Amino acid sequence: MKKEEELRLIERIKEGETSLYNQLVSHHSPKILSIVRGVVRNREDAEEVAQDIFVKAYFSLKGFRGECSFSTWLFRIAYNMSISKTRSKKKINVPYENIEQLQDNSSSDIDIIEEREKMVKILYEAIETLDPGDRFLVLSFYNHNKSIREISEICRMSESNVKVRLHRIKKRLSLLIGDKIDFCYG
Amino acid sequence: MDEQDINIKSLISPINDETVPFGFENKVLEKIKREVALRESRKETIQNLLIVVLAAALFSGALLLINYYYFNISISFSFNVLDITESIKGVTELFKSKESLIWIGIGANIAILLLCERIISERLNKKVTD
(Lines give C-alpha, C1' and ligand atoms only; values in the text may rest on other atoms or scores of the structure.)
Protein backbone atom coordinates (compact mmCIF):
# COMPACT_ATOMS: atom_id res chain seq x y z
CA MET A 1 0.00 0.00 0.00
CA LYS A 2 1.43 3.38 -1.01
CA LYS A 3 1.75 6.13 1.59
CA GLU A 4 -0.83 8.46 -0.08
CA GLU A 5 -3.26 5.57 -0.46
CA GLU A 6 -2.83 4.68 3.19
CA LEU A 7 -3.37 8.29 4.33
CA ARG A 8 -6.55 8.48 2.26
CA LEU A 9 -7.75 5.22 3.81
CA ILE A 10 -7.04 6.55 7.32
CA GLU A 11 -8.96 9.76 6.55
CA ARG A 12 -11.95 7.70 5.39
CA ILE A 13 -11.81 5.62 8.58
CA LYS A 14 -11.67 8.82 10.68
CA GLU A 15 -14.71 10.15 8.79
CA GLY A 16 -16.72 7.09 9.82
CA GLU A 17 -16.00 4.28 7.36
CA THR A 18 -14.74 2.11 10.22
CA SER A 19 -15.21 -1.13 8.27
CA LEU A 20 -12.15 -0.17 6.22
CA TYR A 21 -9.93 -0.59 9.29
CA ASN A 22 -9.50 -4.31 8.59
CA GLN A 23 -7.50 -3.34 5.48
CA LEU A 24 -4.97 -1.57 7.68
CA VAL A 25 -4.91 -4.54 10.05
CA SER A 26 -4.30 -7.01 7.20
CA HIS A 27 -1.53 -4.87 5.75
CA HIS A 28 0.39 -4.25 8.99
CA SER A 29 -0.31 -7.38 11.03
CA PRO A 30 2.64 -9.47 9.68
CA LYS A 31 5.23 -6.88 10.70
CA ILE A 32 3.57 -6.08 14.03
CA LEU A 33 3.27 -9.77 14.91
CA SER A 34 6.88 -10.31 13.92
CA ILE A 35 8.27 -7.52 16.09
CA VAL A 36 6.04 -8.34 19.06
CA ARG A 37 6.98 -12.04 18.91
CA GLY A 38 10.62 -10.99 18.90
CA VAL A 39 10.19 -8.91 22.05
CA VAL A 40 7.56 -10.80 24.06
CA ARG A 41 8.85 -14.31 23.20
CA ASN A 42 5.67 -16.15 24.26
CA ARG A 43 3.62 -16.79 21.10
CA GLU A 44 0.16 -16.60 22.71
CA ASP A 45 1.01 -13.43 24.61
CA ALA A 46 2.49 -11.91 21.45
CA GLU A 47 -0.75 -12.48 19.53
CA GLU A 48 -2.78 -11.00 22.40
CA VAL A 49 -0.49 -7.95 22.52
CA ALA A 50 -0.63 -7.56 18.72
CA GLN A 51 -4.45 -7.56 18.85
CA ASP A 52 -4.40 -4.98 21.65
CA ILE A 53 -2.02 -2.81 19.60
CA PHE A 54 -4.49 -2.64 16.73
CA VAL A 55 -7.39 -1.96 19.11
CA LYS A 56 -5.46 0.88 20.76
CA ALA A 57 -4.47 2.22 17.33
CA TYR A 58 -8.13 2.24 16.27
CA PHE A 59 -9.19 4.35 19.24
CA SER A 60 -6.15 6.64 18.93
CA LEU A 61 -6.54 7.15 15.17
CA LYS A 62 -7.86 10.67 15.67
CA GLY A 63 -4.45 11.56 17.14
CA PHE A 64 -2.60 10.39 14.01
CA ARG A 65 -1.83 13.51 12.01
CA GLY A 66 0.48 12.01 9.37
CA GLU A 67 3.71 13.64 10.66
CA CYS A 68 5.31 10.20 10.47
CA SER A 69 4.30 7.09 8.53
CA PHE A 70 1.45 5.01 9.89
CA SER A 71 3.87 2.10 10.26
CA THR A 72 6.17 4.18 12.49
CA TRP A 73 3.19 5.35 14.54
CA LEU A 74 1.99 1.76 14.91
CA PHE A 75 5.48 0.60 15.86
CA ARG A 76 5.51 3.22 18.60
CA ILE A 77 2.35 1.71 20.10
CA ALA A 78 3.88 -1.75 19.63
CA TYR A 79 7.06 -0.65 21.43
CA ASN A 80 5.18 0.67 24.46
CA MET A 81 2.80 -2.26 24.74
CA SER A 82 5.38 -5.01 24.22
CA ILE A 83 7.73 -3.48 26.79
CA SER A 84 4.82 -3.22 29.29
CA LYS A 85 3.94 -6.85 28.64
CA THR A 86 7.49 -8.06 29.25
CA ARG A 87 7.56 -6.12 32.53
CA SER A 88 4.38 -7.76 33.74
CA LYS A 89 5.42 -11.27 32.72
CA LYS A 90 8.22 -13.44 34.04
CA LYS A 91 11.11 -13.75 31.57
CA ILE A 92 10.73 -16.78 29.36
CA ASN A 93 13.57 -18.12 27.28
CA VAL A 94 12.26 -19.68 24.12
CA PRO A 95 14.64 -22.42 23.03
CA TYR A 96 16.15 -22.15 19.56
CA GLU A 97 14.61 -25.50 18.51
CA ASN A 98 11.20 -23.84 18.36
CA ILE A 99 12.32 -21.51 15.60
CA GLU A 100 11.94 -22.74 12.03
CA GLN A 101 15.26 -23.71 10.55
CA LEU A 102 16.34 -21.82 7.48
CA GLN A 103 16.90 -24.18 4.63
CA ASP A 104 19.78 -22.50 2.86
CA ASN A 105 19.84 -24.05 -0.58
CA SER A 106 22.14 -21.40 -1.98
CA SER A 107 25.22 -23.37 -0.94
CA SER A 108 25.90 -27.00 -1.66
CA ASP A 109 28.65 -27.08 0.96
CA ILE A 110 27.19 -28.86 4.01
CA ASP A 111 29.85 -27.41 6.29
CA ILE A 112 28.87 -23.87 5.40
CA ILE A 113 25.19 -24.63 5.94
CA GLU A 114 25.87 -26.22 9.34
CA GLU A 115 28.14 -23.40 10.39
CA ARG A 116 25.60 -20.85 9.31
CA GLU A 117 22.95 -22.72 11.31
CA LYS A 118 25.22 -22.54 14.34
CA MET A 119 25.72 -18.82 13.81
CA VAL A 120 21.99 -18.22 13.65
CA LYS A 121 21.58 -20.16 16.90
CA ILE A 122 24.35 -18.18 18.62
CA LEU A 123 22.86 -14.92 17.39
CA TYR A 124 19.40 -15.96 18.48
CA GLU A 125 20.61 -16.86 21.98
CA ALA A 126 22.54 -13.61 22.14
CA ILE A 127 19.41 -11.64 21.25
CA GLU A 128 17.56 -13.56 23.99
CA THR A 129 19.94 -12.10 26.56
CA LEU A 130 19.17 -8.51 25.51
CA ASP A 131 16.63 -6.50 27.43
CA PRO A 132 13.26 -6.06 25.66
CA GLY A 133 14.00 -2.48 24.60
CA ASP A 134 17.26 -3.48 22.94
CA ARG A 135 15.61 -6.49 21.30
CA PHE A 136 13.01 -4.15 19.81
CA LEU A 137 15.76 -1.87 18.52
CA VAL A 138 17.73 -4.70 16.94
CA LEU A 139 14.72 -6.31 15.29
CA SER A 140 13.39 -2.98 14.02
CA PHE A 141 16.76 -2.09 12.49
CA TYR A 142 17.76 -5.43 11.01
CA ASN A 143 14.47 -7.18 10.27
CA HIS A 144 12.16 -4.28 9.52
CA ASN A 145 14.68 -1.89 7.92
CA LYS A 146 13.69 1.02 10.14
CA SER A 147 16.11 3.92 9.88
CA ILE A 148 17.80 5.50 12.91
CA ARG A 149 15.45 8.48 12.59
CA GLU A 150 12.37 6.22 12.55
CA ILE A 151 13.60 4.21 15.53
CA SER A 152 14.23 7.43 17.46
CA GLU A 153 10.63 8.50 16.71
CA ILE A 154 9.27 5.08 17.69
CA CYS A 155 11.20 4.77 20.96
CA ARG A 156 11.17 8.51 21.75
CA MET A 157 14.95 8.64 22.03
CA SER A 158 17.44 10.95 20.41
CA GLU A 159 19.09 9.68 17.24
CA SER A 160 22.49 9.69 18.94
CA ASN A 161 21.11 7.55 21.76
CA VAL A 162 19.74 5.04 19.23
CA LYS A 163 23.10 4.96 17.41
CA VAL A 164 25.00 4.38 20.66
CA ARG A 165 22.66 1.58 21.74
CA LEU A 166 22.78 -0.10 18.34
CA HIS A 167 26.56 0.17 18.26
CA ARG A 168 26.80 -1.42 21.72
CA ILE A 169 24.47 -4.26 20.73
CA LYS A 170 26.27 -4.81 17.44
CA LYS A 171 29.64 -4.94 19.25
CA ARG A 172 28.25 -7.52 21.66
CA LEU A 173 26.75 -9.63 18.88
CA SER A 174 29.92 -9.39 16.78
CA LEU A 175 32.02 -10.57 19.73
CA LEU A 176 29.85 -13.65 19.97
CA ILE A 177 29.80 -14.33 16.25
CA GLY A 178 33.36 -13.10 15.79
CA ASP A 179 35.47 -14.25 12.88
CA LYS A 180 33.07 -17.10 12.19
CA ILE A 181 31.25 -14.71 9.87
CA ASP A 182 34.22 -14.79 7.50
CA PHE A 183 33.90 -18.58 7.34
CA CYS A 184 30.29 -18.26 6.22
CA TYR A 185 30.79 -15.48 3.74
CA GLY A 186 34.26 -16.29 2.43
CA MET B 1 24.63 -0.26 6.80
CA ASP B 2 28.17 -1.61 6.76
CA GLU B 3 29.31 -5.16 6.00
CA GLN B 4 28.89 -6.24 9.60
CA ASP B 5 25.31 -5.00 9.60
CA ILE B 6 24.56 -6.88 6.38
CA ASN B 7 26.00 -10.08 7.89
CA ILE B 8 24.00 -9.71 11.10
CA LYS B 9 20.90 -8.91 9.06
CA SER B 10 21.25 -12.07 6.98
CA LEU B 11 21.68 -14.16 10.13
CA ILE B 12 18.78 -12.55 11.94
CA SER B 13 16.27 -13.00 9.11
CA PRO B 14 15.45 -16.68 9.97
CA ILE B 15 14.26 -15.47 13.39
CA ASN B 16 11.73 -13.19 11.71
CA ASP B 17 8.29 -14.81 11.92
CA GLU B 18 5.65 -12.84 10.01
CA THR B 19 2.96 -15.52 9.90
CA VAL B 20 -0.50 -14.23 10.73
CA PRO B 21 -2.68 -16.71 12.62
CA PHE B 22 -6.02 -17.58 11.06
CA GLY B 23 -8.80 -15.19 12.10
CA PHE B 24 -6.45 -12.55 13.51
CA GLU B 25 -8.23 -9.64 11.80
CA ASN B 26 -11.63 -10.91 12.97
CA LYS B 27 -10.39 -11.16 16.56
CA VAL B 28 -9.17 -7.56 16.37
CA LEU B 29 -12.53 -6.36 15.01
CA GLU B 30 -14.37 -8.30 17.73
CA LYS B 31 -12.23 -6.68 20.42
CA ILE B 32 -12.94 -3.27 18.92
CA LYS B 33 -16.70 -3.93 18.94
CA ARG B 34 -16.55 -5.03 22.60
CA GLU B 35 -14.55 -1.97 23.55
CA VAL B 36 -17.00 0.33 21.71
CA ALA B 37 -19.93 -1.27 23.59
CA LEU B 38 -18.08 -0.93 26.92
CA ARG B 39 -17.32 2.75 26.29
CA GLU B 40 -20.97 3.42 25.31
CA SER B 41 -22.18 1.74 28.48
CA ARG B 42 -19.71 3.76 30.62
CA LYS B 43 -20.83 6.98 28.91
CA GLU B 44 -24.47 6.12 29.60
CA THR B 45 -23.74 5.37 33.28
CA ILE B 46 -21.96 8.71 33.70
CA GLN B 47 -24.82 10.52 31.96
CA ASN B 48 -27.37 8.81 34.24
CA LEU B 49 -25.34 9.71 37.33
CA LEU B 50 -25.17 13.34 36.24
CA ILE B 51 -28.94 13.39 35.66
CA VAL B 52 -29.55 11.91 39.13
CA VAL B 53 -27.24 14.44 40.76
CA LEU B 54 -28.88 17.31 38.86
CA ALA B 55 -32.38 16.04 39.72
CA ALA B 56 -31.40 15.68 43.39
CA ALA B 57 -29.98 19.21 43.40
CA LEU B 58 -33.14 20.63 41.75
CA PHE B 59 -35.38 18.71 44.13
CA SER B 60 -33.42 19.90 47.18
CA GLY B 61 -33.51 23.45 45.81
CA ALA B 62 -37.27 23.23 45.29
CA LEU B 63 -37.80 21.94 48.84
CA LEU B 64 -35.67 24.75 50.28
CA LEU B 65 -37.61 27.34 48.25
CA ILE B 66 -40.94 25.88 49.38
CA ASN B 67 -39.71 25.94 52.97
CA TYR B 68 -38.50 29.53 52.61
CA TYR B 69 -41.70 30.88 51.07
CA TYR B 70 -44.27 28.64 52.73
CA PHE B 71 -43.40 26.64 55.83
CA ASN B 72 -40.56 28.75 57.28
CA ILE B 73 -39.01 25.94 59.30
CA SER B 74 -35.57 27.01 60.50
CA ILE B 75 -33.04 24.29 59.85
CA SER B 76 -29.98 24.48 62.05
CA PHE B 77 -27.14 22.00 62.22
CA SER B 78 -26.24 22.04 65.89
CA PHE B 79 -25.30 18.70 67.34
CA ASN B 80 -27.25 19.07 70.52
CA VAL B 81 -29.26 15.86 71.06
CA LEU B 82 -32.18 17.76 72.58
CA ASP B 83 -32.37 19.95 69.47
CA ILE B 84 -32.68 16.85 67.26
CA THR B 85 -35.92 15.87 68.98
CA GLU B 86 -37.18 19.42 68.50
CA SER B 87 -36.31 19.19 64.78
CA ILE B 88 -38.10 15.85 64.43
CA LYS B 89 -41.09 17.40 66.15
CA GLY B 90 -40.95 20.31 63.72
CA VAL B 91 -40.86 18.00 60.70
CA THR B 92 -43.77 15.91 62.02
CA GLU B 93 -45.75 19.13 62.56
CA LEU B 94 -45.03 19.94 58.90
CA PHE B 95 -46.70 16.72 57.82
CA LYS B 96 -49.64 17.28 60.15
CA SER B 97 -50.63 20.58 58.54
CA LYS B 98 -53.73 20.68 56.30
CA GLU B 99 -51.83 21.64 53.15
CA SER B 100 -49.32 18.86 53.67
CA LEU B 101 -52.12 16.30 53.97
CA ILE B 102 -53.46 17.39 50.56
CA TRP B 103 -50.01 16.91 48.96
CA ILE B 104 -49.57 13.56 50.73
CA GLY B 105 -52.97 12.52 49.37
CA ILE B 106 -52.00 13.56 45.83
CA GLY B 107 -48.69 11.69 46.12
CA ALA B 108 -50.37 8.56 47.49
CA ASN B 109 -52.94 8.63 44.64
CA ILE B 110 -50.20 8.87 42.05
CA ALA B 111 -48.35 5.96 43.67
CA ILE B 112 -51.52 3.83 43.69
CA LEU B 113 -52.27 4.69 40.03
CA LEU B 114 -48.72 3.77 39.00
CA LEU B 115 -48.95 0.49 40.89
CA CYS B 116 -52.27 -0.36 39.23
CA GLU B 117 -50.89 0.52 35.80
CA ARG B 118 -47.90 -1.77 36.43
CA ILE B 119 -50.06 -4.67 37.56
CA ILE B 120 -52.48 -4.30 34.62
CA SER B 121 -49.70 -4.04 32.01
CA GLU B 122 -47.96 -7.13 33.43
CA ARG B 123 -51.19 -9.12 33.33
CA LEU B 124 -51.88 -7.96 29.77
CA ASN B 125 -48.34 -8.92 28.69
CA LYS B 126 -48.79 -12.30 30.33
CA LYS B 127 -52.06 -12.83 28.41
CA VAL B 128 -50.41 -11.87 25.12
CA THR B 129 -47.46 -14.27 25.62
CA ASP B 130 -49.87 -17.10 26.60
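B:Y68 is exposed, its relative accessible area being 57% (exposed means over 50%, buried under 20%, and partly exposed in between, with a 1.4 Å probe and protein chains only). This tyrosine lies in helix α2 of chain B, residues 24-71; helices here are DSSP runs of H or I with at least four residues, strands are runs of E with at least two, and both are numbered from the N terminus. The model is predicted, so local features need pLDDT of at least 70 and side-chain atom pairs count only at pLDDT 80 or more, while totals for chains, interfaces and linings use all residues. Residues are numbered from 1 along each chain as its sequence is written, chains are lettered from A and ligands numbered from 1 in the order in which they are written, and side-chain values use heavy atoms, without hydrogens and water.

B:Y68 also belongs to a nonpolar surface patch, together with B:F59, B:L63, B:L65, B:I66, B:Y69 and B:Y70, and the accessible area of the patch is about 850 Å². Such a patch joins nonpolar side chains (Val, Leu, Ile, Met, Phe, Trp, Tyr) within 5 Å, or like charges within 9 Å, using residues with over 30% relative accessible area and no salt bridge. Chain B as a whole has 4 helices and 0 strands, and 10% of its 130 residues count as buried.

Turning to chain A, A:I13 sits in helix α1, residues 3-14, and is buried at 4% relative accessibility. Beyond its neighbours within four places in sequence, A:I13 contacts A:T18, A:L20, A:Y21, A:L24 and A:L61, where contact means heavy atoms within 4.5 Å. The C-alpha atoms of A:I13 and A:L24 are 10.0 Å apart.

The largest nonpolar core holds 61 residues, of which A:Y21, A:I32, A:V36 and A:F136 touch the most other members; a core is a set of buried Ala, Val, Leu, Ile, Met, Phe, Trp, Tyr and Cys residues joined through side-chain atoms within 4.5 Å. Helix α2 of chain A, residues 21-40, gives the most to this core, with 9 residues.

Finally, the two chains meet. Chain A and chain B bury about 3,300 Å² between them, 66% of it on carbon and sulfur atoms; buried area is the accessible area (1.4 Å probe) that two parts lose on being put together, summed over both. A:Q51, A:F59 and A:Y142 supply 19% of the area that chain A buries against chain B, more than any other three residues. Between the chains there are 6 salt bridges, each a side-chain nitrogen of Lys or Arg within 4 Å of a carboxyl oxygen of Asp or Glu. B:K31 forms a salt bridge with A:D52, with the closest N and O atoms 2.8 Å apart.

Conventions. Areas by Shrake-Rupley, 256 points an atom, 1.4 Å probe, with all protein chains shown as cover.
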